[in-house]
Amino acid sequence: MSIGDGDFIIAHKEINSKNFSHSEQLHSFIDELLKQESLIPKDLDAISISKGPGSYTGLRIGVSAAKGLAYALDIPLISVSTLLCLAKQVDINEGLIVPMLDARRMEVYSEIFDASFESKREIKAEILEETSFQIELEASEVHFIGTGVEKFQEICHHPNALFHKEKLPSAKEQYPIAKRKFDDNIFEDVAYFEPYYLKDFVSL
C-alpha cells in the first residue's frame, strides 16, 4: 500500500508474512497508513488497485476493498496490471523482462515486456517446460521475475536466462503508473469493474 503526493510516494507499507490474513487486516493497515501521515480517507483523490492476474482470493478481497472505498468517498478507481508492476522492478537497457506469477503445479501467469516496458506478448496462463521462452532466450537476455521464477529456474539452464528471485508485486511500482492514469483521467467504472482472474476459480 502506498500514498502519494504528486509524483512522490509519501507513505508505503508492505506485509509479506505468510500468516497475513487480508480479509481480517487489510482495512486496519489502510487506517494505520493514513494515521501515520495524519490523513483521513476524505483526503484521498483516488484509489488504485492491482487488477491481476493473481490469486483469486487475494484479488477478490483487494478489489472489493478498493471499490468500497472509491464508492464511499466518491473518488476514481484506477487499475494497474500486476505483471507490469513486477516488470518495473527490473531496470535494463536491452533484452526482455518476463514477470511470472505462480499458479499451481508448473503453471504460471506471465507476460513479456521489452526494456521500455512495452508488452511484446499478451498475458498467458502457461505450463512451464524446459523449452519455454526458447525463442526469446536465443535472441537476447531475458530477466525472469516473480513468484514463478523458482520453479522455472529448476528446469531452465539457458545462459541468457537471468532470475530475480523472491520478488513480489509492489505498490511502489504501482503508484507512478496509477498517477499517470489519474492525470489522463483513465478510470474504472466502480460498479462494474472486475479483477483480471485470467482463469476461472477452481475449488479443490
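Q: Great. What kind of model is this?

A: This is a predicted model.

Q: How many helices and strands does the protein chain have?

A: The protein chain has six helices and nine strands.

Q: And how much of the protein chain is buried?

A: Of the 204 residues in the protein chain, 41% are buried. The accessible surface is about 11800 Å², and carbon and sulfur atoms account for 48% of that surface.

Q: What holds strands of a sheet together, in general?

A: Strands of a sheet pair through backbone hydrogen bonds, and the pairing can be parallel or antiparallel.

Q: So do β6 and β7 run parallel or antiparallel?

A: Strand β6 (residues 107-114) and β7 run antiparallel, joined by six bridges. If you want a spot to look at, Ser 110 stands opposite Lys 124 in β7.

Q: And how does β8 pair with its partners?

A: Strand β5 (residues 96-102) runs parallel to β8, with four bridges between them; here Ile 97 stands opposite His 143 in β8. β8 and β9 also pair in the parallel sense, over four bridges, and Ile 145 has His 164 in β9 as its bridge partner.

Q: Are the faces of β8 covered or open?

A: Both faces of β8 are covered. Val 142 and Phe 144 are buried on one side, and His 143 and Ile 145 are buried on the other.

Q: Tell me more about Val 142. Why does it count as buried?

A: Val 142 counts as buried because its relative accessibility is 0%, and buried means under 20%. Val 142 sits in strand β8 (residues 142-145). Not counting residues up to four places away in sequence, Val 142 touches Leu 96, Val 98, Glu 136, Leu 137, Asn 160, Ala 161 and Leu 162. Its C-alpha atom is 9.6 Å from that of Phe 113, 29 residues apart along the chain.

Q: What does Arg 121 touch?

A: Leaving out residues up to four places away in sequence, Arg 121 touches Ser 110, Glu 111, Ile 112, Glu 126 and Phe 133. With Glu 126 there is a polar contact, side chain to side chain, at 3.2 Å. As for Glu 111, ten residues apart from Arg 121 along the chain, the two C-alpha atoms are separated by 5.9 Å.

Q: Which residues of α2 are buried?

A: In α2, the buried residues are Leu 59, Ile 61, Gly 62, Val 63, Ala 65, Ala 66, Lys 67 and Ala 70. Just after α2, Asp 74 takes a positive phi of about 55°.

Q: And α6?

A: Helix α6 (residues 171-183) has 13 residues and reaches 18 Å from its first C-alpha to its last, close to the 18 Å expected. Its buried residues are Ala 171, Glu 173, Gln 174, Tyr 175, Ile 177, Ala 178 and Lys 179.

Q: What happens at the ends of α6?

A: At the start of α6, a side-chain oxygen of Ser 170 comes to within 3.1 Å of the backbone nitrogen of Lys 172. Just after α6, Asn 185 takes a positive phi of about 60°.

Q: Last one: is Thr 82 buried or exposed?

A: Thr 82 is buried, with a relative accessible area of 6%. Thr 82 lies in helix α3 (residues 82-87). Setting aside neighbours within four places in sequence, Thr 82 is in contact with Ser 50, Lys 51, Gly 52, Pro 53, Leu 101 and Pro 169.

Note on methods
Residues are numbered from 1 along each chain as its sequence is written. This is a predicted model: local features need pLDDT of at least 70, side-chain atom pairs count only at pLDDT 80 or more; totals for chains, interfaces and linings use all residues. Side-chain values use heavy atoms; hydrogens and water are left out. Helices (H or I, at least four residues) and strands (E, at least two) are DSSP runs, numbered from the N terminus. Buried means under 20% relative accessible area, exposed over 50%, partly exposed in between (1.4 Å probe, protein chains only). Accessible areas come from the Shrake-Rupley method with a 1.4 Å probe; for residues, only the protein chains shown count as cover. Two strands pair if DSSP finds at least two bridges between them. Contact means heavy atoms within 4.5 Å. A polar contact is a pair of N or O atoms within 3.5 Å; within protein, one must be able to donate a hydrogen and the other to accept it, and residues adjacent in sequence count only if both atoms are side-chain atoms. The expected span of a helix is 1.5 Å times one less than its number of residues.
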